[in-house]
Amino acid sequence: MFSTTRRSRTARGLAVLTLLVVTATGCDGSGFTPGAGGGDDAPQTTAAAVTKASVTANVEPGAKDVPVSTVLRVAATDGTLASVAVRSKAGNVPGRIVDGTRWVASERLEPGVRYRIRAVAESGDGSTVESVTPFRTEALTLDQQTYPSVAPLQGETVGVGMPVVVHFDLPVSDKASFEKNMKVTSTPKQAGSWRWVSDTEAHWRPRTYWKAGTKVSVDVDVNGVPAGNGIYGQEDREVDFQVGDAHIYKVNARTHQMKVFENGKLLRTLPITTGKEGFTTRSGVKVIMEKFESRRMNSETVGIPAGSAEAYDIDNVRWAMRLTNSGEFIHAAPWSVGSQGRANVSHGCTGLSTENAGWLYSMSRRGDVVEYVGTDRPMEPDNGYGDWNISWPDYRAASAL
């Protein structure tokens, strides 16, 4: 409902008629005296009154509990908008004037905040009218707001397999409304899609691996957007990151080798070991998720109980790079050097010599791709950044739009 500016008006007729009387200075010899009747009507002029401008907004003056999802709009009738300002202690609401007569906010509102809209419109005669609309938004608890966390981080350089990952701390049931406000743009431009992994996590990936050197911008514009079930987006997030060189590591569990490619060029072929029987390493496309110069590895974290025949607890495992949530890493394994290049003896991780692991670690970054073949155990799409194990049609089908 639009509220109309209240202002006093002076009652006027639509026109003021003035009769101009011409005073005669003498007779013209015809016996007709101007202004005395009996001849043509006296000349007349009409001046039209100017209609004053009025201003309306899509919130009522003094309104309370205005939804934070409201996109403020202001309009001028019988005039043009000269200025619009929306202010509060929580910050001003930016917007723009369109076609001279409409103003639209470019951000939504914050909860439990007093706002004041001040708009000035100009009438056709140059006079101005001011409209002031105070209102208050609904108050929300933290249990009614979902906060988005974004990966990669601002300014990070990542590998060509890195998906955009947005995690929400409360579930999103109205995924379509959120996805409409989540944008990924890149230079050079690359087609891609969102995929909802769960009610609290969405991923975006290009159709094929990122092109090396791509610059990417992520705009999660969900502040105030309804998430469903009485929950709203808590904050907007904007992140810019860059894609580095194309690092693709090809692992063959049968030949026990890893071929390391950079921008399509083979740099080295490294002897490795992967998972033994009962602990088979997954085949498929994996992406480096985390890096640790040193990490403790305990079998209990992957479901192998202490005291069992396969139990282990190794402190200070060097050059560890996580590939799955379930516990597959690439790391230095000096205890298995004799088997590297010959046999698979690990509990699922990819082991290298300390020297080779350090060299690979130094050139690797989050988002680098590791492609595994040679086993009958497939990589699960949601076991880490497994997005590349889903066909493009199926990936797009997991979008909410």
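Student: How much space lies in the largest cavity?

Tutor: In this predicted model, the largest cavity holds about 30 Å³ of space. With the rule set at 30 Å³ or more, the count comes to 1 cavity.

Student: What makes a space a cavity and not a pocket?

Tutor: A 1.4 Å probe fits in a cavity but cannot get out, whereas a pocket is open. The residues lining the largest cavity are Val55, Thr56, Ala57, Val74, Ile117, Ala119, Ser131, Val132 and Thr133. Strand 4 (54–57), strand 10 (114–122) and strand 11 (128–137) are the elements that give two or more residues to this lining.

Student: Which residues does Val222 touch?

Tutor: Leaving out residues up to four places away in sequence, Val222 touches Pro148, Phe178, Asn181, Met182, Gly233, Glu235 and Asp236. Contact here requires heavy atoms within 4.5 Å. A separate value concerns Tyr232, which is 10 residues from Val222 along the chain: the C-alpha atoms of the two are separated by 8.0 Å.

Student: What share of the protein's residues count as buried?

Tutor: Of the 401 residues, 43% count as buried. The protein has 3 helices and 31 strands. Among contacts between residues at least 6 apart in sequence, 67% join residues at least 24 apart.

Student: What makes a set of residues a nonpolar core?

Tutor: Two conditions must be met: the residues are buried and of the nonpolar kinds, and side-chain atoms within 4.5 Å join them. The largest such core has 36 residues, and Phe178, Met182, Val218 and Phe241 have the most contacts inside it. Several strands each supply at least two residues of this core, among them strand 13 (148–151), strand 16 (182–187), strand 19 (215–220), strand 22 (237–243) and strand 26 (284–287). Strand 15 gives the largest share, 4 residues. Another core, of 23 residues, lies apart from this one and includes Ala57, Val59, Leu109 and Ala121. In soluble globular proteins, nonpolar side chains tend to be buried together.

Student: With which residues is Phe241 in contact, leaving aside its neighbours within four places in sequence?

Tutor: Phe241 is in contact with Pro152, Leu153, Glu156, Val158, Val164, Trp210, Thr214, Lys215, Val216 and Val218.

Student: Why are strand 13 and strand 17 said to stand at the edges?

Tutor: These strands belong to an open sheet of 4 strands with the order 13-15-18-17 and antiparallel pairing. Strand 13 and strand 17 each have a single partner strand, so one side of each lacks a neighbour in the sheet. On average, neighbouring strands of this sheet are turned by 20° against each other, direction ignored.

Student: What makes strand 27 and strand 30 edge strands?

Tutor: They are part of another open sheet, of 4 strands in the order 27-28-29-30, whose pairing is mixed. Strand 27 (290–298) and strand 30 (350–352) each pair on one side only, which makes them the edge strands. Neighbouring strands here are turned by 35° against each other on average, direction ignored. Helix 2 (residues 354–363) packs on this sheet and touches strand 27, strand 28, strand 29 and strand 30; the direction of helix 2 makes about 40° with that of strand 28.

Student: How many bridges join strand 28 to strand 29?

Tutor: Strand 28 (residues 313–322) and strand 29 (residues 329–332) run antiparallel and are joined by 2 bridges. The requirement is at least two bridges, so they count as paired. Met321 stands opposite Ile330 in strand 29.

Student: Which residues form the covered face of strand 9, and which the uncovered one?

Tutor: In strand 9 (residues 102–105), Trp103 and Ala105 make up the covered face, while Arg102 and Val104 make up the uncovered one. Strand 9 pairs with strand 6 (residues 73–77) in the antiparallel sense over 3 bridges, and Arg73 stands opposite Val104. Strand 8 (residues 95–98) is joined to strand 9 by 4 bridges, also antiparallel, with Val98 and Arg102 as bridge partners. The hairpin of strand 8 and strand 9 has 3 residues between the strands, and Asp99 takes a positive phi near 60° there.

Definitions and conventions. Residues are numbered from 1 along each chain as its sequence is written. This is a predicted model: local features need pLDDT of at least 70, side-chain atom pairs count only at pLDDT 80 or more; totals for chains, interfaces and linings use all residues. Side-chain values use heavy atoms; hydrogens and water are left out. Buried means under 20% relative accessible area, exposed over 50%, partly exposed in between (1.4 Å probe, protein chains only). Axes are lines fitted to C-alpha atoms, for helices over the stretch in contact, and angles run from 0 to 180 degrees between N-to-C directions. On a 1 Å grid over the protein atoms alone, a cavity is a set of points where a 1.4 Å probe fits but cannot get out, and a pocket is an open set with protein on both sides within 12 Å along at least five of seven lines; lining residues have an atom within 4 Å of a point. Grid points are joined across faces, edges and corners, and a volume is the space filled by probe spheres set on the points.
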